[in-house]
Amino acid sequence: MSRTKFANLSIRSKYFRIITAMFIVVILTAGCLFIYINSQQAKLSRERETLQYKAQTINELAATLNDVFFRARGYISLKNDNELQLAYAALEKLDVVLASYSQLKLSPEETQFLGDLRAFKTEYENEMLPQAIAYVQTDDYESVRELSESGSTARVNDFLAYTKNYKVRADQVQNDMVQQSVRQSNMFTVTAFALSALLLLLFMIIIWRILRTLVNPIIKLETATHSLAAGEAVLLGELNTQDEIGRLYGAFLHMARSIQDKEEELTVQNEELQAQQDELQDQQFRLERSLSEIESIMEALNQSFAVAILSAKGVFTYINEKVTEYTGYRAAEIVGHPYRLFEMRNLSSAQLEDMQRKRETGMVWSDELLIDAKNGTPLWLHLTLKPYLNDEGGIYQYILIASNITSLKHAQQELAATLTRTEETKTMLERSNQLNHDITYTLDKQQFAGKFIDFMNRQYAFDSSLFLLIRGGIAATKGIPAEMVKQYLDGEGMLYRMQTEKSYVTVRPASRSEQGISPVQLDAYDYYAAVMSADNEILAVFCGTRVGASFSEEETKDIQGLMNRVALAIERLYMYEEIEHARTLNLDIINNVAEGIQFIEMDGTMSQMNKALRQMFSYGKWNEGNRMPPDRWLEHLLGQVGESEALRHFYNQAMAADFTNSGTMKYSIGGEMLKHVDVYAIPVFRREERLGTLFVHRDITREYELDQMKSELVSTVSHELRTPLSSVLGFTELLLNKTMKPDKQQKYLQTIHREAQRLTDLINDFLDLQRMESGTQQYNPEKLNLSELVLGVIEQYKLGSTHHILFEDEAENAAVEADRNKLIQVLTNLFSNAIKFSPGRGEIKVMLRNEPGVIVVEIRDKGLGIPQDQIGQLFQKFRRVDNSAAKRIGGTGLGLAICKEIIEKQNGTIGLESAEGEGTTVWFRLPVLQPQTARPEEEPYKWSPDKDEKPSVMIVEDDYSLSLLLSEELKAKGFKVTHHYQPQQAFEQALRTPFQAVIVDLMLGEELDGWDLIMMLKHDERTADVPIVISSALDQADQSLLENVRRYLTKPYPPGELSSTLQDILNASGASGEVLFPETRLDGKDRN
Amino acid sequence: MKGEMELQKILIVDDEEILRMLIEDTLEDLEDVQIHTAEHGREALDKLAADRFDLVILDYMMPEMTGIEVLANLEESLKAATPILMLTAKAQDTDRIKAQEAGVRYFMPKPFSPMELLQIVEDILREPN
């Protein structure tokens, strides 16, 4: 960062900074050096002084020591006290010197020396000297000598020697110091020199750099300037600095480039100028050449074209000789005259306007012109008129060039005429071709006739014409009403004449209508032509009338040839029709065959299938001529087949080339209804060649099912007969072989009887059905009341049945005409079924009601129900509900089939609805007998507020005839009657159904009687309000019980009394909207 | 009367009540024999599982479960140890073969003779197990 910054500085500031920095460095270095030298010198002199001082002290010490010894010896030798005092003085001085010495900075040796000296001095002062003094005083010099010899002297000498030695050393040191200082000063000198040299070097480097920075670019610039001047390319790279030189570079480059650009521009301009000049020269040359060319053109023009010049006003000012040649006018006759001298005969006003416009706008006008020559002959000219314009754009004259195209024009006209003729021929040829095409490809006779007559009319311009195909009488006409055709044919002579003469023409005067607007009398030419077959049979007839134009020989020949062609076409048409008819017939036959037929070619492609097969396998649309590859038709087919692998094998075998006999196989088609199919395959040959294989699929479901049914029948009969037979035979055998009590015998006999009866029933059923199927069953129709019949059958079930049968009767008209016993058989059968298939104590509800024209009986149970998929089969023979619960119940499987047979024979219908697990409802409808006489006198009593909501009453009565009587009476009054014979069931029913009233018989079943029912009804709040009418053979025994009873009728009473009582009750409740029990009214009613 | 331990047990399986009664009455004079009845296959299987029988008289055609199906549901060891007499209205050879394959040892077509049945049952019961 800082580097680039630095590098970007201008040269001036850059070098100013460098030099300043150097200056500071030099000053600082010199200063430091100076201070350092000074300090070194001062240190050296200080050390020298110390050393001198030390040497001095040691010298002084040595002197003092010497002095001491000297004085001491002096004393010893001289016994001079003075000397001794002096010695002591010297010792003191020694102390002083020692003290000052010790003050100095001492080396360890010197300290040792000082210590020794001090020790010695102390010893000397305190021992030796006093001893010596003592010896001296005693003059014992001997001892003194000894004393001195014992060492003190030596030690003193040592000390002295040391001092001397020290002095020498100190000198030595001093000398060294001097030398060192000298060395130091030398070194400083050298350093200073080196520093100067370095500085000098640095300056040189800087200067060199400056030079390089400045000079190099300048040199380059110089080179570039030279090359610029020389006009060469300036190869000067950009200098990436921002300093002065860099900027100079930039400026230079800019200048150089702009100079170069300018130069290039100039060069280009120059070149352009050059080119323009060249072009100018060229143009001049061409102009000259053109001029000469024009002259020669003019010459040539004059040779072959008429040229004239007209003034702006249209006056001829010049003509060449050709004009004279063309027109016959001399130049003098034309020049000076306006152009209108010549009449332009062929120009329309629009063309003249165009010419005018073109002329005035300065454009060239050119056209073909017809004028008259001087001698009056027509002259065709191709004329070109060109105006000459002056500089202002104004027209000052015209030049007119014309060529004589008269002969050309004539040739042209001839050519056009020829072309028109060719065109006509071509059209005729095209029509002929079209006809050929049409008669070849038209397969419809009517279309054929129409196309043919169109052709004839156009080709030969018939005014009216007729074409008739004899076979089928198909005709096409033009100008003749269609109904006239027959007349033509019947007309005498024509067909007869044609037998001998294929075609002929008659001429007659045209009738007025044919004549049209023509003012002159015209002839009409009738052309008759027969189309004959190879066997000389007349296939078709053509008649055509042309008014005013006869037939040329060529035309007659043409038409004759045409008729031969048409004969072939018609024969072919008939043949096609026959083939087509045969083919369609075959196809219809195939498609109407119940068997599925398919034809498979040798490569496995299916090329034909009939409708039955399409339906059998639900193939999509199939058009004749469709071809289906095996992977499509076979897979589609096999996908629906149960035994697909076996069938595939069968197909493969049958389609194989070596398959020569026929083969057959049975298979089944899945789906909702399983179909059984028998397929056989036959190879198809035409002469020796195998064409393919024919497969015929026959739906054998019915046969298959019949077969199944037969074996089922055998199995059923076997089982159904063997079981009762076992009982009969078994018990008989027991009776025969065992001794037993009479009651047991009785029981056995009863069982035998019952089982034998069962056997009989079964056999009867079989026989019944057999009879019905063979049509030998006799019916004895009689007038019946179905309500009565139903009640009667229910009566049979009252005792001993586990199931309660509830009867809801709202049929006003229950009269039917039917075989009583057969109907009882049906009802018994249906009731038995309902009971059998409601295990446990289910309730069976029987309902009777009218629907328009019919009576409907419904038997509804809440039993096992029937699976949805089996409902449809149940009315077939030997069909039983196929589940385990139903199997246990057993049966012949004939009951419903018998019922169906019977009901249908009575003109009724039967059916059932069921939900598995919820119960079954079987119904049948029989047509009712219309009542012969209405009962108008009873109408006022009839309760019929609306048909849907009949008032509902319940009769609880166990006497069959009585409940029938009451029921009939009440139904006649428009009530819906529900029958009950058990109090408990009646009570439960009353809880479920809102009854308008309940009629109770007091003498009912064993467990509960009518009173119990009344109590139950009155004690339950849901039924407490229902009016009750008692119908009893007993007198009004217990009045206390009667408080809740609305009406008490003592049997026998007229049924009308009951209905009128009920009527009253309903009127009362209807009026007040609630049920009332007025005591007084009850009493009042009693009087009735 | 011998001790209860030595009573032989027969199970009659038939959906027809009358036939059950007939067989029961036929066999009632047999000494030391206890007769049990079952109305359908399920009941028969329950009883067979609960008790050991010396003879099972089995009907072929029964709702829900045929005699053959009862045998198919019977434990193999139990089947081997229990003599089975099949009484059936299906008396064709194929039925007989089917029954034998299912493990039926004795086969009697309906209608049958009670005395003959008695004789066969006595023989079976006398055979050492």
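A:Tyr651 and A:Phe695 are both buried in this predicted model. Their ring centres lie 4.4 Å apart and their planes meet at 45 degrees, so the pair is tilted. The pair links distant parts of the chain, 44 residues apart. A:Tyr651 sits in helix α18 (residues 644–655) of chain A, and A:Phe695 in strand β15 (residues 689–699) of chain A.

A:Phe731 and A:Tyr748 form another tilted aromatic pair, with 4.8 Å centre to centre and 55 degrees between the planes. A:Phe731 belongs to helix α19 (residues 701–737) of chain A and A:Tyr748 to helix α20 (residues 742–774) of chain A, so this pair ties together parts 17 residues apart in sequence. Both residues are buried. Chain A also holds one aromatic cluster, formed by A:Phe452, A:Phe462, A:Phe467, A:Tyr527, A:Phe542 and A:Phe551. Over all chains, the count is 17 aromatic pairs.

Now turn to the contact between the chains. Chain B gives 22 residues and chain A gives 25. About 2100 Å² is buried between them, and carbon and sulfur atoms give 62% of that area. B:Ile18, B:Pro111 and B:Met115 supply 23% of the area that chain B buries against chain A, more than any other three residues.

Polar links cross the interface too. There are 4 salt bridges between chain B and chain A. One of them joins the side chains of A:Lys744 and B:Asp25 at 3.9 Å, N to O. Polar contacts between the two chains number 8 residue pairs. On chain B, the elements giving two or more residues to this side are α1 (17–27) and α6 (114–126). The largest share, 6 residues, comes from α1(B). By class, the side of chain B that touches chain A has 12 nonpolar, 2 polar and 8 charged residues.

Note on methods
Residues are numbered from 1 along each chain as its sequence is written. Chains are lettered from A and ligands numbered from 1 in the order in which they are written. This is a predicted model: local features need pLDDT of at least 70, side-chain atom pairs count only at pLDDT 80 or more; totals for chains, interfaces and linings use all residues. Side-chain values use heavy atoms; hydrogens and water are left out. Contact means heavy atoms within 4.5 Å. Buried area is the accessible area (1.4 Å probe) that two parts lose on being put together, summed over both. A polar contact is a pair of N or O atoms within 3.5 Å; within protein, one must be able to donate a hydrogen and the other to accept it, and residues adjacent in sequence count only if both atoms are side-chain atoms. Helices (H or I, at least four residues) and strands (E, at least two) are DSSP runs, numbered from the N terminus. Ala, Val, Leu, Ile, Met, Phe, Trp, Tyr, Cys and Pro count as nonpolar, Asp, Glu, Lys and Arg as charged, and the others, Gly among them, as polar. Rings of Phe, Tyr and Trp (its six-membered ring) pair if their centres lie within 6.5 Å; planes under 30 degrees apart count as stacked, over 60 as edge-to-face and the rest as tilted. Buried means under 20% relative accessible area, exposed over 50%, partly exposed in between (1.4 Å probe, protein chains only).
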